[in-house]
Amino acid sequence: MQKIGVFICWCGSNIAATVDVEAVAEAVKTEPNVVFSTNYQYMCSEGGQSAIRNAIAEHGLTGIVVCACSPRMHEATFRKAAAVAGLNPYMVEIANIREQCSWIHKEKSEGTEKAIILARAAVAKLNRNVPLFAGESPVIKRALVIGGGIAGIQTALDVADAGYEVDIVEKTPTIGGKMAMLDKTFPTLDCAACILTPKMVDASAHEKINLYTYSEVESVSGFVGNFTVNIRKRARAVNSDLCTGCGVCVEKCPSKSAKSEFNQGLCNRSAIYIPFAQAIPNVPVIDRDACIKFKTGKCGICEKVCTAKAIDYDQEDEIITKQYGAVVLATGFKPISMERYDEFQYAQCPDVITSLEFERICNAAGPTKGKVLRPSDHEPPKTVVFVQCVGSRATVDCGKTYCSKICCMYTAKHAMLLREKYPDTEAYVFYIDVRTPGKSFDEFYRRAVEEYGVHYIKGMVGKVAEEDGHLIVQGSDLIADKQVVIKADMVVLAAAIEPDPTARSLGTMFTASMDTNDFFTEAHPKLRPVESPTAGIFLSGLCQGPKDIPDTVAQAGAAASKVIGLLSKDKLMGNPCVAGCSEPLCNGCSSCELVCPYGAITYEDKMVIDHGVRETRRVACVNEAVCQGCGACTVTCPSGAMDLKGFTNLQIMAEVDAICR
Amino acid sequence: MPINEKGGAFNPLIVAFCCNWRSYAGADLAGSSRLNYPVNVKVIRVPCSCRVNPLFILRAFQRGADGVIMCGCHPGDCHYTSGNYFARRRTALLFSMLDFLGIEKGRTRVEWVSAAEGAKFANTMNQFAETISALGECKRLEDIRCVESEI
């Protein structure tokens with residue numbers, strides 16, 4: 001038998017002006033098991049909370065209803081107050097008589113009547129509440145970072161500096177990501193490698209950081225604080241422990257026809273290769289599709305020239321199983337494919353390139369040793385046209401609807417670098433809008449226009465055609481309101497960026513939700529920007545949405561601080577409002593397992609007493625640490641075995657009954 | 001003005017199931033923006049629209065509700081990844097069945113309301129209340145036992 005106390009808040013005049021709080025307090029007295037009711041000016045104030053604590057002690061209350069503002073506002077406050085007075089915090093119900101009553105109704109009689117009904121519904125629910133206790137689970141003090149770009153490196157460094165072990169899993173042979181491919185960075189024109197490679201070295205040298213390059217996450221199980229992850233360490237065919245990174249094998253390799261991924265396919269690399277000079281680890285990989293030894297069984301030159309005896313053709317993929325308390329997704333991005341954009345002739349003309357390709361052409365370590373030369377004839381271009389928003393801010397069926405955010409700035413950078421190196425070369429930029437919201441960004445763009453004389457044309461390019469070794473660019477100038485035709489030697493397309501394709505399968509594996517563009521969604525777009533809605537999964541860098549390097553580094557640090565916050569705990573208190581299975585009712589049909597978005601339900605053979613008969617049978621078991629309490633299983637369950645604590649069928653039915661009385 | 005069978009002014013009773021993460025917050029925002037909607041709309045908070053058991057909706061009609069509306073996160077935006085998709089499919093079936101039983105389609109509704117859509121919540125409730133007022137009282141499923149217990 002419960003003893004319920006009801007507390008009605010005036011919220012100053014916010015509630016009291018349209019709800020007769022005295023009348024509500026009086027009306028609820030006749031509700032079942034209500035032994036006490038009162039009203040107070042501000043229930044959330046210390047005075048109000050002490051009134052609650054005193055009433056619990058004085059009347060021996062087993063549960064309280066607070067009629068006040070939204071539970072989203074002060075449910076936690078009142079639960080704490082109840083807990084201080086020795087009540088189970090889940091024996092507290094809130095009737096929302098402010099946001100959903102006093103603030104939307106003008107007539108006091110109407111407001112009062114509705115407040116009484118809402119209070120009755122809360123009492124009816126509370127009459128069916130039972131004390132709930134949050135489960136505890138241990139936290140494994142190690143973090144996994146997926147992706148070894150600047151985002152992953154920064155998160156790993158920050159977490160490791162706090163004293164926790166971190167593993168980085170990177171699918172390519174080296175860490176560094178897209179930033180390693182860049183020449184200069186806006187708006188300071190720092191050399192990207194000069195600021196990135198020291199961080200790469202820090203990460204590899206850090207005693208708490210463990211790198212798994214050329215590796216991928218294979219599968220995952222577990223939950224926040226306790227993930228078990230299988231990592232496939234792909235066979236490099238080179239023994240990392242023996243290799244000295246001398247590079248003789250790379251030099252001597254006779255197969256040199258594979259396209260260099262690092263140089264965006266602008267030049268070739270050998271079959272055994274190190275992606276770039278500062279790669280970490282500085283250990284080559286054999287590309288089995290290009291290697292003559294792997295294809296025909298003959299060759300073996302690299303093995304012969306390796307003095308360290310590091311070449312191992314028989315090396316096999318290794319599966320490493322490790323446990324982690326937290327997982328950071330830092331899977332990054334890639335530019336969208338330009339193959340579909342026939343109007344720009346990207347697939348047909350070698351001199352139509354993407355911005356990332358231009359970046360490699362500008363780079364001193366790139367295919368042209370930093371000289372800006374046309375890929376077709378290796379001649380310096382006299383006129384270069386940059387086209388912005390290729391695939392960005394487009395319609396759904398053609399490109400991406402979002403703004404890729406970084407293109408305006410890097411295009412200004414490219415045009416500026418070009419004009420600085422080759423003052424005689426003309427640079428034209430076609431744009432829809434120039435978006436430069438960032439510290440020193442607009443100044444940077446204005447420098448490109450005013451100091452470097454880059455021609456900005458507001459309008460889109462309609463067509464690029466090859467003619468006599470030149471590229472004829474036809475576009476519109478919306479300000480002059482005319483069509484323009486530019487005879488160019490090179491066209492650079494600012495391709496939209498999209499999440500790395502591996503993000504999709506990782507999202508499924510970790511149940512990290514994604515938006516329609518495959519960017520990971522955050523737990524709250526404003527207030528929890530680096531957490532996935534799935535507990536224990538954090539987001540760092542472009543996998544969450546387009547952003548530049550400063551934003552990426554800032555977000556990486558924010559993700560690290562959330563990881564540190566989690567790993568610093570010894571135990572996690574779960575949410576007790578989770579699903580539970582009534583085993584005698586369960587028929588083991590698997591319906592609940594299929595709808596659970598978190599994989600929280602498994603089946604076990606258990607001893608069940610059904611109608612007095614003991615038998616062992618297959619029943620559903622809910623992992624309370626994984627269950628997030630959505631309730632999908634409770635409705636799917638055909639036998640009514642599944643119920644959700646805190647929102648049981650009987651509780652919600654009681655509310656319906658009270659409202660419809 | 002529509003009247004009830006006893007000749008008084010008809011005040012429809014509307015039960016709104018709102019998911020905790022978006023629609024309930026949207027309803028709160030309607031309140032904090034001081035947007036008015038009829039007093040006879042009563043909100044029941046559920047963790048997710050997928051927690052709304054068809055039995056709850058049937059129960060509401062049995063107990064004298066004149067309309068039931070379910071609000072959840074926009075498709076693709078569910079706090080629990082996919083709950084609103086289940087809810088959408090379940091209600092599509094349930095509402096067809098209810099229509100067959102004589103609970104007109106206008107009395108049941110699903111609306112996706114985000115936490116930022118206070119105005120949408122208020123507008124939806126105003127429109128829904130108008131529709132229900134026009135349809136009049138819903139006695140089709142009313143449980144005779146409930147009525148008797150009141151006598």
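**Entry 1: terms for the interface**

Before counting anything, I noted that a polar contact is a pair of N or O atoms within 3.5 Å, where within protein one atom must be able to donate a hydrogen and the other to accept it. The model I am reading is a predicted one. With that rule, I looked up the count between chain B and chain A and found 15 residue pairs in polar contact, both residues being at pLDDT 80 or more.

I then asked which elements of chain B supply at least two residues each of the side that touches chain A. They are β1 (14-19), α1 (23-32), β2 (41-46), α2 (54-62) and α3 (83-101) of chain B. The element that gives the most to this side of chain B is α1(B), which contributes seven residues. By residue class, the side of chain B that touches chain A divides into 27 nonpolar, eight polar and eight charged residues.

**Entry 2: extent of the interface and its salt bridges**

I looked up how many residues each partner brings, and the contact takes 43 residues from chain B and 41 residues from chain A. The area buried between chain B and chain A is about 3,800 Å², with carbon and sulfur atoms giving 59% of that area.

For charged pairs, I recorded that the rule finds four salt bridges across the interface of chain B and chain A. One that I looked up individually pairs A:Glu75 with B:Arg45, and the closest N and O atoms of this salt bridge are 2.9 Å apart.

**Entry 3: chain A as a whole**

Of the 661 residues in chain A, 55% are buried, while the chain exposes about 27,800 Å², of which carbon and sulfur atoms supply 52%. Among the contacts in chain A with a separation of 6 or more, I noted that 68% are between residues 24 or more positions apart.

**Entry 4: A:Asn127**

Is A:Asn127 buried or exposed? I placed this residue in the loop between α5 (108-126) and β5 (136-138) of chain A. Its relative accessible area is 18%, and A:Asn127 therefore counts as buried, since the cut-off for that class is under 20%.

Leaving out residues up to four places away in sequence, I found that A:Asn127 touches A:Gln2, A:Ile4, A:Pro32 and A:Asn33. With A:Asn33 there is also a polar contact, in which the side chains of A:Asn127 and A:Asn33 are joined at 2.7 Å.

Notes:
Residues numbered from 1 in each chain as written. Chains lettered and ligands numbered in written order. Predicted model: local features only at pLDDT ≥ 70, side-chain atom pairs only at ≥ 80, totals over all residues. Heavy atoms only, no water. Contact = heavy atoms within 4.5 Å. Buried area = accessible area lost by both parts, 1.4 Å probe. Salt bridge = Lys/Arg side-chain N within 4 Å of Asp/Glu carboxyl O. Helix = DSSP H or I, 4+ residues; strand = E, 2+ residues; numbered from the N terminus. Nonpolar A, V, L, I, M, F, W, Y, C, P; charged D, E, K, R; others polar. Buried < 20%, exposed > 50% of the residue type's maximum accessible area, 1.4 Å probe, protein only. Areas by Shrake-Rupley, 256 points an atom, 1.4 Å probe, with all protein chains shown as cover.
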